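Hello,

Here is the structure I promised to pass on to you. Please have a look at it first, and then read on for my notes.

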Amino acid sequence: NASSLYRYNLQECIQMALRHNEELKVKHYDVQSIIAKKMEATKRYIPVVNYTYRFAPVPRDINNPAQSFFSGDISVINSIKLSAGIPVTHFGRITVARELADIGIDAAKLNKQRKADEVVLDIYKLYYGILLARESKVLANKGLDAINKKIKALEEEETTDQLQILKLKAIIYQVEKKLDEAITKETIALEMLKFRIGVSEDLRVDIKDRYLKREHYKIKPLDDLLATTKAKRPEYKLLAFQVQAKHKQLVLEKKEYYPKLNLGGFFEYGVSPGIRGDDQESSLTNPLNFLKAGMGFELSGKLDFRKIKSKVYFARAELNKAKSDKVANEALLSVDLKNAYLNLKQRMKLLWRADKEKRSARQVVFLTKSNVDIGLGDKKEYLEALQSYLLIQAAVYENIFNYNVAVATLKQKLGKLYDPKELHVQGYKYE
């Protein structure tokens with residue numbers, strides 16, 4: 001129902017994305033296409049059948065076929081030929097091809113997991129971003145109410161301070177600008193969230209949470225995190241699969257020196273009524289009336305030594321390149337994790353400092369307002385303190401957002417942003 005409003009919390013958004021996100025469906029179908037290729041690569045013990053049926057005019061006189069045909073002395077041939085072949089041994093080619101296909105399937109599933117990591121991390125950012133925008137809206141509206149009340153109070157005084165009123169109105173314009181930005185960001189984030197979780201554009205969707213809160217997360221030592229990321233993160237496994245695939249390809253190219261042994265048979269039958277000639281009684285020599293069958297082994301191969309050697313050298317070079325690529329990218333992945341780790345620690349410090357500034361700013365506002373109320377304080381100081389407090393409160397919310405996103409980013413680097421098992425039980429079946 002398009003008129004109903006559907007509310008989801010963060011985990012529900014993630015689960016919906018794992019089920020319905022279109023980008024993840026694309027990756028799922030990539031897996032299916034590689035499974036189809038594996039079926040082709042593992043064709044041992046399944047015969048390949050060829051069939052041919054022919055229907056055509058033929059001469060009746062086999063001894064004088066041209067004269068018979070062009071003089072109109074013709075008959076009609078009906079023939080069918082069936083042949084079947086099955087590999088007995090290709091000296092390991094089929095086994096290696098099947099192993100290559102299995103590696104491809106596992107790699108495709110990991111690529112889907114990588115895309116799921118991106119989607120889920122984006123959902124974290126969008127969800128927290130919506131909460132940040134709404135907290136900013138609340139803060140801006142509170143600030144506008146306080147400033148408008150102060151302007152009204154100043155205007156009711158006997159000696160109106162026009163300069164202070166103009167300064168407050170200038171602040172109002174700045175706050176209204178921030179309010180418009182927050183509304184725009186909230187709208188865009190909600191639309192992007194709908195896209196990520198895979199719901200229709202015309203469906204009314206909102207989030208359940210109302211307040212932006214800090215995520216509680218205990219950071220482990222960096223060495224423990226490095227061990228976890230190497231065991232869990234799909235990028236590490238993909239690099240290992242890449243090396244395995246190149247090694248299998250090298251083995252496959254070397255097997256081109258070996259022949260292929262196949263078992264085959266055929267059955268062929270043809271009939272043409274009214275045929276005359278010397279060979280009409282023999283099925284082996286009569287091309288128009290025959291019944292043939294046979295079965296046997298075939299050993300075949302093509303020894304193009306320069307071409308095979310070139311392919312082997314190329315496969316070996318690709319393997320060495322994959323090994324070097326694995327070493328380099330594993331080092332970069334370690335740096336990537338360290339960067340996420342240090343960024344989270346930095347966000348923790350900034351959040352702690354922002355909390356301290358907020359408490360101090362709140363005390364300043366309270367003291368300056370108390371002094372103004374009893375006639376001892378300066379109104380200008382109170383307004384400056386109020387403005388400073390609003391800015392610091394906004395900075396606190398922004399620091400909470402940055403901290404939560406940093407936590408989610410570190411979890412992604414560790415392969416712990418969500419349970420990968422959920423990705424493979426959402427209606428997808430791999431066979």
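**Confidence first**

Among the elements of the chain, helix 7 (residues 234-254) has the highest mean pLDDT, at 95, while helix 10 (residues 420-423) has the lowest, at 66. Please keep in mind that this is a predicted model. Over the chain the pLDDT averages 86, and 87% of the residues score at least 70. One stretch to treat with care is residues 425-431, where pLDDT stays under 50. For that stretch the model has 17 contacts beyond four places in sequence.

The model has an open sheet of 4 strands in the order 2-3-5-6, and the pairing is antiparallel. Its edge strands are strand 2 (48-59) and strand 6 (290-300), each of which pairs on one side only. From one strand to the next, the twist averages 15°.

Strand 2 is joined to strand 3 by 12 bridges, and the two run antiparallel. Within this pair, Asn50 has Ser83 of strand 3 as its bridge partner.

Strand 3 (residues 74-89) then pairs with strand 5, again in the antiparallel sense, over 11 bridges. Two places to look at here are Ile86, which stands opposite Leu263 in strand 5, and Pro87, whose bridge partner in strand 5 is Asn262.

The walk ends with strand 5 (residues 260-271) and strand 6, which run antiparallel and are joined by 11 bridges. Gly265 has Met295 of strand 6 as its bridge partner, and Phe267 is partnered by Ala293 in strand 6.

**How the helices pack**

I looked at two helix pairs. Helix 2 (residues 22-41) packs against helix 4 (residues 93-156) at an angle of about 175°, and their axes are 9 Å apart. Helix 2 and helix 4 are therefore roughly antiparallel to each other, since angles over 145 degrees count as such. The residues of the contact between helix 2 and helix 4 divide into 12 nonpolar, 8 charged and 3 polar.

In the other pair, helix 1 (residues 10-20) and helix 5 (residues 162-197) cross at roughly 50°, and their axes come within 7 Å. Helix 1 and helix 5 are therefore oblique to each other. Helix 1 brings Cys13, Met16, Ala17 and His20 to the contact, and helix 5 brings Leu193, Arg196 and Ile197. By type, the residues of this contact of helix 1 with helix 5 come to 5 nonpolar, 1 polar and 1 charged.

**Salt bridges**

Finally, the charged pairs. In general, side chains of opposite charge can pair when their charged atoms come close. With a cut-off of 4 Å between the nitrogen and the carboxyl oxygen, the count comes to 21 salt bridges.

Which residue forms a salt bridge with Glu12? The partner is Lys208, and the closest N and O atoms of the pair are 3.3 Å apart. Glu12 lies in helix 1, and Lys208 is in the loop between strand 4 (204-207) and helix 6 (222-232), so this pair ties together parts that are 196 residues apart in sequence.

Note on methods. Residues are numbered from 1 along each chain as its sequence is written. This is a predicted model: local features need pLDDT of at least 70, side-chain atom pairs count only at pLDDT 80 or more; totals for chains, interfaces and linings use all residues. Side-chain values use heavy atoms; hydrogens and water are left out. Axes are lines fitted to C-alpha atoms, for helices over the stretch in contact, and angles run from 0 to 180 degrees between N-to-C directions. Angles under 35 degrees count as roughly parallel, over 145 as roughly antiparallel, 65 to 115 as roughly perpendicular and the rest as oblique. Ala, Val, Leu, Ile, Met, Phe, Trp, Tyr, Cys and Pro count as nonpolar, Asp, Glu, Lys and Arg as charged, and the others, Gly among them, as polar. Two strands pair if DSSP finds at least two bridges between them. pLDDT is the predictor's confidence in each residue, from 0 to 100. Contact means heavy atoms within 4.5 Å. A salt bridge is a side-chain nitrogen of Lys or Arg within 4 Å of a carboxyl oxygen of Asp or Glu.
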